[in-house]
Amino acid sequence: MAQVSSIADEQVSTPLSSSKSILLRISKFNPQLDESSKFLEFTVPYEKWTTVLEAILDVKKHFDHSVAVRYSCRQATCGSCGMMINGKPKLACFTKISELDSDVVTVEPMNNFPVIRDLTVGFEKLFEKHQKIKPYLIRDDADMKSDEREFLQSPQEVEQYIQFANCIKCGLCNSACPTMATDSSFVGPQALAQAYRYVADSRDKGKDTRLNIIDESHGIWRCHFAGSCSQVCPKGVDPAMGIQFLRGYLLGFRS
Ligand code: SF4
Ligand code: FES
């Protein structure tokens, strides 16, 4: 069980269930009421496999149920629990406290997103930009033969895009992107990676449509290849590589 350390008058002396503990600092901020954020601090015990999300839920259960945090699957699949953990965008359910190698764990809302409350951020713009690049197969089915029921692909054709299909729309890449920090209209690495996912799919016929969409003033050319998007992706997607491949199409090096 967690122990509160900074918002109670006296230290709570509940026995810890583990010999190891961290100081968990949770950002509290309600943009409707507060002028600035503050940190609440709790001493939280942990085991080898305790995740940051479990530590936050421990605090919610025992001390402050008002802490706002979004989560669902708890297995790095739904993309809900992204947050800054000791300054880096990570999934809270996929980050073990033991791997952070620190006695202090600070959790804050993701950078480059509007804060709804505490650790939760708004995803509207992320999904707007994702939708803008038309994240679905575009093709004229009139050229299918009448007895065809499937779009068959070779393993080599699948290999061209499959890592990009693993995106869970968690937004960590956009949060890490220095261009997003200075240009909130930038289409961003998440949407660009998905543009490449469909452009590289042999079943798709929407390449020119998508290339036109991203070839604009807040589009692909704003990326200056910091590469931080690819470093933080929890699913092994490499948006920076996808962006370079898209540029190859636009510059005529790929067809
Ligand atoms: S590319 Fe990776 S980091 Fe970006 S939204 Fe998709 S899964 Fe998350
Ligand atoms: S709770 Fe689903 S990705 Fe973390």
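Which residues come nearest to ligand 1? They are Cys167, Cys170, Cys173, Cys233 and Val237, out of the 13 residues around the ligand. A residue counts as near if its C-beta atom, placed from the backbone, lies within 6 Å of the molecule. The model is predicted: local features need pLDDT of at least 70, side-chain atom pairs count only at pLDDT 80 or more, and totals for chains, interfaces and linings use all residues. Residues are numbered from 1 along each chain as its sequence is written, while chains are lettered from A and ligands numbered from 1 in the order in which they are written.

Stay with the ligand for a moment. H5 and H7 each give at least two residues to its shell. Helices (H or I, at least four residues) and strands (E, at least two) are DSSP runs, numbered from the N terminus. Sorted by class, the shell around ligand 1 holds nine nonpolar, two polar and two charged residues. Here Ala, Val, Leu, Ile, Met, Phe, Trp, Tyr, Cys and Pro count as nonpolar, Asp, Glu, Lys and Arg as charged, and the others, Gly among them, as polar.

Now step back to the domains. The assignment, automatic or from a database, gives domain 1 (3–121) and domain 2 (124–250). Their C-alpha centres lie 32 Å apart. Across the boundary, 14 residues of domain 1 are in contact (C-beta atoms, placed from the backbone, within 7 Å) with 13 residues of domain 2. Strand E5 (residues 88–91) supplies the largest share of the domain 1 side, four residues.

Next comes the largest nonpolar core, with 58 residues. Such a core is a set of buried Ala, Val, Leu, Ile, Met, Phe, Trp, Tyr and Cys residues joined through C-beta atoms within 7 Å. Buried means 20 or more other C-beta atoms within 10 Å of the residue's own, exposed means 12 or fewer, and partly exposed lies in between; C-beta atoms are placed from the backbone. Ile56, Val59, Leu192, Ala195 and Leu246 touch the most other members. H7 gives this core its largest share, seven residues.

Finish at helix H3 (residues 124–132). Leu126, Lys129 and His130 are buried there. Seen down the axis, the buried residues of H3 fall within an arc of 105 degrees (taken from the directions from the helix axis to the C-beta atoms), so they line one face. H5 and H7 are among what covers them. The face turned away carries the exposed Glu124, Glu128 and Gln131.

Key
Two residues are in contact if their C-beta atoms, placed from the backbone, lie within 7 Å.
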